[in-house]
Amino acid sequence: MDKGGGVREMFGRIAGRYDLVNTVMTGGIDAVWRRKAVACLDVAPDARLIDLCCGTGALTRDLAARASAGGVVGIDFTPQMLEIARAHTSAKNVEYREGDVLALPFDDASFDGATMGFSMRNVVDIGACLRGIARTLKPGASFVNLEVSKPRNPLMRRAFYAYFYGMVPLIGRIVGGDAAAYRYLPQSLVNFPDADTLAALFEANGFGAVRCVPLMGGVATLHIGTKAEAPVAPLARAPEAVAP
Ligand SMILES: C[S@@+](CC[C@H](N)C(=O)[O-])C[C@H]1O[C@@H](n2cnc3c(N)ncnc32)[C@H](O)[C@@H]1O
């Protein structure tokens, strides 16, 4: 099975307890960070927004409150995560779609803003992913990426790694009931670019004015980029592109 297929299969297994494990693992701070990510989007209440790799919809629901007179699409390739998202979402301005963020089934310049939470580490081609997001955004629209990161301060990094690589698999085994999945999740940080390198990837793949906002000493980082005016290199798209 390719990496994408393995990731989808793993999230399918852990979907039922995904939210609970997150809350236990972070002491609920993940919800605060998602709200902060949404607050970084400079959009009007009637904006059309997209939440990429929406999972169980936690960030999507925050976006829906922000775009109360507009609409939000949450897209994810794991049906079990989407099933929970749909069950937990009562807002009428949210639509969930099954799809791969590496082949976004939307027309160019469809959205006024985009978010992605705790997912870039799982994507097999970060550059292609960023180009696809830029393609679907209107010029000047923002993309906010919230992701676990590698703290710059060596002491902070050491303390965080002890927790992330030691405690997370334990909590995942006890609370989530899936030791293998919660061994993989911290490992996915190992080859993930540091905050500066990710910012450079934003710049190289369709975004300008890129800002990094470290959270809790850099254990997570918000990357905020604005879709550049210049055209983005074409990317493979799903055959039937439809408006959101
Ligand atoms: C760690 S969860 C994050 C969920 C949610 N954004 C949150 O804040 O909790 C990662 C999600 O990314 C999805 N995912 C990973 N790679 C994907 C891809 N290429 N296309 C669509 N979804 C993807 C997984 O199915 C999973 O639901």
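1. Start with the ligand. Helix 1 gives the most to the shell around the ligand: four residues. Helix 1 spans 3–14, and helix 4 spans 58–66; each supplies at least two residues of that shell. Bear in mind throughout that this is a predicted model.

2. Which residues are closest to the ligand? They are C53, G55, F77, T78 and G117, out of 21 residues that surround the ligand. By class, twelve residues of the shell are nonpolar, six are polar and three are charged.

3. C53 sits in the loop between strand 1 and helix 4. Its phi is positive, about 55°, although C53 is not a glycine. Most residues other than glycine have a negative phi. Is C53 buried or exposed? The cut-off for buried is 20 or more other C-beta atoms within 10 Å. C53 has 24 C-beta neighbours inside 10 Å, so C53 counts as buried.

4. A209 also has a positive phi without being a glycine; the value is about 50°. A209 belongs to strand 6. With 13 other C-beta atoms within 10 Å, A209 is partly exposed. Partly exposed lies between the cut-off for buried, 20 or more, and that for exposed, 12 or fewer.

5. Now helix 9, residues 195–204. A195, L198 and F202 are buried there.

6. What does the buried side of helix 9 pack against? Its buried residues pack against helix 6 (126–136), strand 6 (207–215) and strand 7 (220–227). Just after helix 9 comes G206, which takes a positive phi of about 110°.

7. Helix 6 returns the contact. Its buried residues pack against helix 9, strand 6 and strand 7. They also pack against strand 1 (48–52), strand 4 (111–117) and strand 5 (137–148). The buried residues of helix 6 are C129, L130, G132, I133, A134, R135 and T136.

8. Step back to the whole chain. The secondary structure comes to nine helices and seven strands. Of the 244 residues, 42% count as buried. Take the contacts between residues at least 6 apart in sequence: 68% of them join residues at least 24 apart.

9. How do the overall dimensions look? The C-alpha atoms fill a box of roughly 45 × 40 × 35 Å, taken along the principal axes. The radius of gyration is 17 Å. A compact globule with 244 residues would have a value near 18 Å, so the chain agrees with that expectation.

10. Last, confidence. The chain averages a pLDDT of 91, and 93% of the residues score at least 70. Over residues 238–244, however, the pLDDT is below 50. Beyond near neighbours in sequence, that stretch has 16 contacts in the model.

Notes:
Residues are numbered from 1 along each chain as its sequence is written. This is a predicted model: local features need pLDDT of at least 70, side-chain atom pairs count only at pLDDT 80 or more; totals for chains, interfaces and linings use all residues. A residue is near a molecule or strand if its C-beta atom, placed from the backbone, lies within 6 Å of it. Ala, Val, Leu, Ile, Met, Phe, Trp, Tyr, Cys and Pro count as nonpolar, Asp, Glu, Lys and Arg as charged, and the others, Gly among them, as polar. Two residues are in contact if their C-beta atoms, placed from the backbone, lie within 7 Å. The radius of gyration is taken over C-alpha atoms; the globule rule is 2.2 Å times the number of residues to the power 0.38. pLDDT is the predictor's confidence in each residue, from 0 to 100.
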